[in-house]
Protein chains: 2
Amino acid sequence: MKSDLDALMQANGLDAILVTGPAQHNPTMTYFTGLVHLSQGELIKPRGQGARLFYGPMERDEAASTGLDTKNLYDYPFKELLKETGGDRIKALALRLKRMFTDTGVTRGRVALYGTSDVGTSYAIFNALQDLMPELELVGELEDSVLLDAMATKDESEAEEMRKISRINMEVVGEVQDFLASHRVKDDILVKADGQPLQIAEVKARINLWLAERGAETPHGTIFAIGRDAGVPHSAGTPTDVLKLGETIVFDIYPAQQGGGYHSDFTRTWCLGYAPDEALALYEDVWAVFQEVMAALKAGEDCPQYQDLTCELFEARGHATIGQDMTIQEGYVHSIGHGLGLFVHERPWFRKQGDTADKLDPGVVVTIEPGLYYPSKNLGCRIEDAVYVTPEGEMEILTEYPYDLVVPVKA
Amino acid sequence: MKSDLDALMQANGLDAILVTGPAQHNPTMTYFTGLVHLSQGELIKPRGQGARLFYGPMERDEAASTGLDTKNLYDYPFKELLKETGGDRIKALALRLKRMFTDTGVTRGRVALYGTSDVGTSYAIFNALQDLMPELELVGELEDSVLLDAMATKDESEAEEMRKISRINMEVVGEVQDFLASHRVKDDILVKADGQPLQIAEVKARINLWLAERGAETPHGTIFAIGRDAGVPHSAGTPTDVLKLGETIVFDIYPAQQGGGYHSDFTRTWCLGYAPDEALALYEDVWAVFQEVMAALKAGEDCPQYQDLTCELFEARGHATIGQDMTIQEGYVHSIGHGLGLFVHERPWFRKQGDTADKLDPGVVVTIEPGLYYPSKNLGCRIEDAVYVTPEGEMEILTEYPYDLVVPVKA
């Protein structure tokens, strides 16, 4: 968690962290600033010191509200920087970063780079900075970064944020189920009061509305996929699809607070009215594996073993898995889960990172989401809960909701 | 516009473009893919050829729906890449990019990098790619990039998207005005049916709701700032602030389609009930300058001249301007406008880019937004419309809405 960051930086030989970009929809910046209205900032955190936020003068109040040590970017007048670099704007921005580092006491050592922003612009500026400060080693990491390691374990206030967004999520899922159930059926299809078929686009519009009513949003969309689409794990669903009884619907919803705060993540598979035998058999395999994996979760264990376990369990039930062949498109084709927080996908990972493995440490929030996919049979099924590993090592399910496959509709 | 891209690449000596990241909330990717549910992709566009989209296999249907030439990332098995790089994952990802470039026919020349994604990870991978392909020159540009040059001029279908989101925006602004006017006044403050003061957070929650009802969102928040906050251009407003009669409210709303499509952008300044003399005088200065600048707009002209004009006009009225002193915090402190599209701020810019200036070319959409700010007097005022320069060179206002300062409330 955040209080571990200095120790993690030490263990990984990092002397400072630079985070760039806005404060919203930019998890690594939000982690330090909270969800303030900052359209562009730079944040430098030296090891063993608090973070300093550099802000544009029009956003001085928002910057101050973060409680961080702040500094106005106008203290580095751009016209003068441009003069010094002969009009080269990329070099001028690099020179400004050099001054910011120097003023913060960072003049040598390893500096990790973070932030969701324009990758081309950053590439040019960071390379120019590297030329200006050869005594710095600028480090880009993958999804196993030091900062993501700190972010993986949530403190009590973060856990509470995640409970809050999950409660909102469950309310919205309940609204969706009630909404579907409130429709009449005609020729095995849900129809509205005007007799027209209900379409997936309309379900999604309602979801966005119910989330907005609760101060939440789905920055990455929502999966509401029926029939063949349900058989493709990340198919978001076809907007004009109608809702036919007996077809599997994969409903995967992962909202965050407005502006991109902590996420919830949850999936159920539904059949409206009834479940054909083939769908029921698929569901029962997923449900059995879901229960076995959930029961096996134990604080402190290596995460990748749960992916191995899931593959074994599905294989024993006769399904092809990604454990046998990375390229399959039918069977069990993805990971058993992922960490969840300010990113919808973050540490801990359930695949090995080089030689090391992430652990189910107290404080992490992970998803557990076994699924089976048979697009050729118009079938797909996934069940997903978000689980918080408490400081005491208990598994707290954040997404309590019935697991039933069949959603009753009006006769 | 998009059809100019090859010619612009030629003129700027670019042989290819690489765009990385998801398809949502990533304007340069969305420009090619549309708003599909693609959580991570790579797109390579060689000059003179169509773009090729590389996608993850779980998102194959979404990738196909873009209509682009597509290729599955699993065609570059990661395990084998890892073997070739001795287990170095950053090098393996760079090697994959090298293969992707090579397979697309890009083996030499200048390649511009785009995309909103993790800047640290990209920095590491691009540098490793540069080592692997020394015959490529990887180019990072600033906000005057070649791709942003193409994006600046909208084709007819893009203009229609921008009209659509602006109509939605105007409906929501109307809802906000009606909502405010529907409240009772007690001790000069708007109160709800329960007698409690209406707070800004509640106004913003309604805004998000009315946008969601119309398929839109505000990915960067909304400015609804009263009193002193109105005097700080980018202050988003204090959530717990109440709505007091006679104080200036700066209401700046810039929504996009759900997922981050084309934007609208619009500002009005309102005083509830009545306007004190000082607020009215400020408003009249801004309104006069707004009208003069709007009347001066002419297709094909250099944009920065309108910033110069605005400074001259405000100075003639006795206000300090950023044209005289970049560091002022009272008076006219920002730019007269900016281009608008998939980015909320994009080309054309109203400041000079090095030695060149963006132009008000047919096809651009720009904001015109003069404002005056006196936080020490609890006063701020800005008026903003979005203007489309039609192919015929006419100025089409996309954000038609009354300009009145005073918003009537119940007696």
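Student: How far apart do the C-alpha centres of domain 1 of chain A and domain 2 of chain A lie?

Tutor: This is a predicted model. In it, the two centres lie 36 Å apart. The domain assignment of chain A gives residues 2-149 to domain 1 and residues 153-407 to domain 2.

Student: How many residues does each domain of chain A bring to the contact?

Tutor: Domain 1 of chain A brings 11 residues and domain 2 of chain A brings 12 residues. On the side of domain 1, helix 2 (27-33) and helix 7 (146-152) of chain A are the elements that give two or more residues. Helix 2 of chain A gives the most, with 3 residues. By class, this side of domain 1 has 4 nonpolar, 3 polar and 4 charged residues.

Student: How should I read the relation between chain A and chain B?

Tutor: Two copies of a chain are related by a rotation about an axis and a shift along it. Here chain B is laid on chain A by a turn of 180° and a shift of 0.0 Å along the axis, with an RMSD of 0.0 Å. The two copies are therefore related as by a two-fold rotation axis.

Student: Which surface do the copies meet through?

Tutor: They meet through the same surface, because 100% of the interface residues of chain B are also interface residues in chain A. The contact has 59 residues of chain B and 59 residues of chain A. Among the elements of chain B that each supply at least two residues to its side are helix 3 (60-64), helix 5 (89-103) and helix 9 (200-213). Helix 6 of chain B gives the most, with 7 residues. The side of chain B that touches chain A has 23 nonpolar, 25 polar and 11 charged residues.

Student: In which sense do strand 6 of chain A and strand 6 of chain B run, parallel or antiparallel?

Tutor: Strands of a sheet pair through backbone hydrogen bonds, either parallel or antiparallel. Strand 6 (residues 116-118) of chain A and strand 6 of chain B run antiparallel and are joined by 3 bridges. Ser117(A) stands opposite Ser117(B).

Student: What is the strand order in the open sheet of 4 strands in chain A?

Tutor: The order is 11-12-14-22, with mixed pairing. Strand 11 (223-226) and strand 22 (406-407) of chain A stand at the edges with a single partner strand each, so one side of each is left without a neighbour in the sheet. Strand 22 of chain A pairs with strand 14 (residues 266-272) of chain A in the parallel sense over 2 bridges. Within strand 22, Val407(A) is the bridge partner of Leu272(A).

Student: How do I read a helix, say helix 11 of chain B?

Tutor: An α-helix has 3.6 residues a turn, so residues three or four places apart point the same way. In helix 11 of chain B, the buried residues include Gln307(B), Thr310(B), Cys311(B) and Phe314(B). The buried residues of this helix pack against helix 10 (277-296) of chain B. As for length, the 13 residues of helix 11 (residues 304-316) should span 18 Å at 1.5 Å a residue, and the end C-alpha atoms are 19 Å apart, which agrees. Gly318(B) follows the helix, with a positive phi near 90°.

Student: Is Ala386(A) buried or exposed?

Tutor: Ala386(A) is buried, with 25 other C-beta atoms within 10 Å. Ala386(A) sits in strand 20 (residues 385-389) of chain A. Leaving out residues up to four places away in sequence, Ala386(A) touches residues including Ser166(A), Phe266(A), Leu340(A) and Leu398(A).

Technical notes:
Residues numbered from 1 in each chain as written. Chains lettered and ligands numbered in written order. Predicted model: local features only at pLDDT ≥ 70, side-chain atom pairs only at ≥ 80, totals over all residues. Domains from an automatic or database assignment. Contact = placed C-beta atoms within 7 Å. Nonpolar A, V, L, I, M, F, W, Y, C, P; charged D, E, K, R; others polar. Least-squares fit on C-alpha atoms with pLDDT ≥ 70 in both. Pairing = 2+ DSSP bridges. Expected span 1.5 Å × (residues − 1). Buried ≥ 20, exposed ≤ 12 C-beta atoms within 10 Å, placed from the backbone.
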